[in-house]
Amino acid sequence: MVQRRVPKVRDLAPLMQFKRPELDGRKRRLESALTIHDLRHIAQRRTPKAAFDYTEGAAEQELSLARARQAFEDIEFHPSILRDVSHVDTSVNVLGGRSALPFGIAPTGFTRMMQTEGELAGAGAAAEAGIPFSLSTMGTASIEDVAAANPTGRNWFQLYMWKDRDRSMALVNRAADANYDTLLVTVDVPVAGARLRDKRNGMTIPPSLTPATVINAIPRPAWWIDFLTTEPLAFASLDRWSGTVAELLNSMFDPTVDFDDLRWVSEQWPGKVVVKGVQTLADARRVAELGVDGIVLSNHGGRQLDRAPIPFHMLPEISAELGDQLEIILDTGIMSGADIVASLALGADFTLVGRAYLYGLMAGGRQGVDRMIEILGSEVERTMKLLGVSSVDELEPGHVTQLRRLLPIEHGVPARTR
């Protein structure tokens with residue numbers, strides 16, 4: 001029979017250690033975020049619907065984004081055991097320089113709409129973490145201000161080719177003068193995708209203060225205080241615009257851009273040139289023939305053509321054929337460090353994160369971006385250790401199996417080159 005006794009204080013004390021409460025609300029909520037999904041939930045609570053949906057949403061039925069994320073979930077890792085992983089090196093060489101982690105911050109537009117610190121928070125966080133930061137043509141901080149926020153780190157500039165070639169190249173020249181080392185030429189935007197969330201929300205620049213907008217903003221006063229007490233939102237690289245996002249994009253994007261234009265732009269840029277938005281093996285081959293330094297396998301985060309190819313699925317085939325000719329970067333759908341490790345194992349040289357960055361920004365400004373990098377970095381390191389690898393170079397295809405849900409239907413006719 002169990003003998004019972006009255007517990008003694010000295011026995012209870014080791015079991016009842018209380019954590020000192022954190023009085024800083026921002027720090028407290030960021031410390032509670034253990035995953036990028038946690039940051040997303042915090043961001044959604046703190047950001048008005050129109051701004052949050054601009055980040056969260058994709059084109060039409062949003063199938064491309066959902067499939068890209070599902071593809072990362074549908075993998076199986078194959079760990080090696082009894083390896084010394086007491087020290088893990090997460091750094092990589094990419095496009096002529098070192099990155100402390102195998103991911104950088106992707107170019108995002110309208111960034112100060114999400115949170116007023118915008119690109120300067122991203123550039124500063126990237127500088128501290130030792131990873132590249134990419135500024136979008138549609139950015140809300142100037143080329144020069146981003147360079148000042150990341151003066152000794154690596155800045156990349158993302159270019160949309162406009163109908164006005166002179167204005168496009170003026171931006172390219174400014175980026176070169178500000179010592180940006182890489183040009184990301186985005187090629188998957190002949191026209192704007194049908195981003196239905198934005199249309200339903202009346203997403204405009206500046207925001208439209210409709211009754212629904214005001215009602216939605218009531219429980220989010222901090223966002224509005226920041227928004228209304230800082231500089232008006234504008235595109236630092238462009239003229240001011242009054243209208244919908246889609247109207248702005250369609251006024252800028254040039255549906256006539258072709259491979260000759262890509263060659264011409266490459267010749268103007270003194271640093272590394274990367275083509276962003278490659279979605280077929282055939283196009284990857286043509287781009288490689290131009291002698292560019294790299295490609296980004298991307299369907300624009302699912303924000304252009306819905307039902308577009310899944311970049312993570314394209315990766316092994318393109319890496320096997322072209323990996324020795326140019327560097328391969330992957331984006332779209334990445335929500336964890338495990339996603340990044342799987343990409344590296346299957347042939348990516350580097351990865352870019354966009355939505356994850358913006359979730360961190362909306363959740364806590366600069367500190368939120370720092371937390372995003374910390375979460376992904378720790379997940380990368382932990383996944384590598386559990387796989388039994390101590391450096392990124394040790395990752396190989398044998399570490400990952402892709403479990404495909406979507407298989408092409410055989411019709412007895414030759415398949416189009418993928």
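How many residues apart are Trp223 and Phe227 in helix α12? Keep in mind that you're looking at a predicted model, then select helix α12, residues 221–228: the two sit 4 residues apart, so about one helical turn separates them. Their ring centres are 4.9 Å apart with the planes at 10°, so this pair is stacked. Both count as buried, since Trp223 has a relative accessible area of 8% and Phe227 one of 16%.

There are 7 aromatic pairs in the structure. For another one, pick Phe133 and Tyr357: this pair is edge-to-face, at 6.3 Å centre to centre and 85° between the planes. Phe133 belongs to strand β5 and Tyr357 to helix α18 (residues 355–387), so the pair ties together parts 224 residues apart in sequence. Phe133 is buried at 1% relative accessibility, and Tyr357 is buried at 1% too.

Next, step from strand β5 (residues 133–136) to β6; they run parallel, joined by 4 bridges. Click Ser136 and you'll find its bridge partner in β6 is Gln158. To get from β5 to β6, the chain passes through helix α8 (residues 143–149) in a right-handed β-α-β crossover.

Now select β6 itself, residues 155–160: 6 of its 6 residues are buried. Asn155, Phe157 and Leu159 cover one side, with Trp156, Gln158 and Tyr160 on the other.

Carry on to β7 (residues 182–186), parallel to β6 and joined to it by 5 bridges. Here Gln158 stands opposite Leu184.

Last stop: show Arg286, whose charged end sits over the ring of Phe259, 3.8 Å from its centre.

Notes:
Residues numbered from 1 in each chain as written. Predicted model: local features only at pLDDT ≥ 70, side-chain atom pairs only at ≥ 80, totals over all residues. Heavy atoms only, no water. Buried < 20%, exposed > 50% of the residue type's maximum accessible area, 1.4 Å probe, protein only. Pairing = 2+ DSSP bridges. Right-handed = clockwise from strand over helix to strand, strands pointing away. Phe/Tyr/Trp six-rings, centres within 6.5 Å; stacked < 30°, edge-to-face > 60°. Lys NZ or Arg CZ within 6 Å of the ring centre and 35° of its normal.
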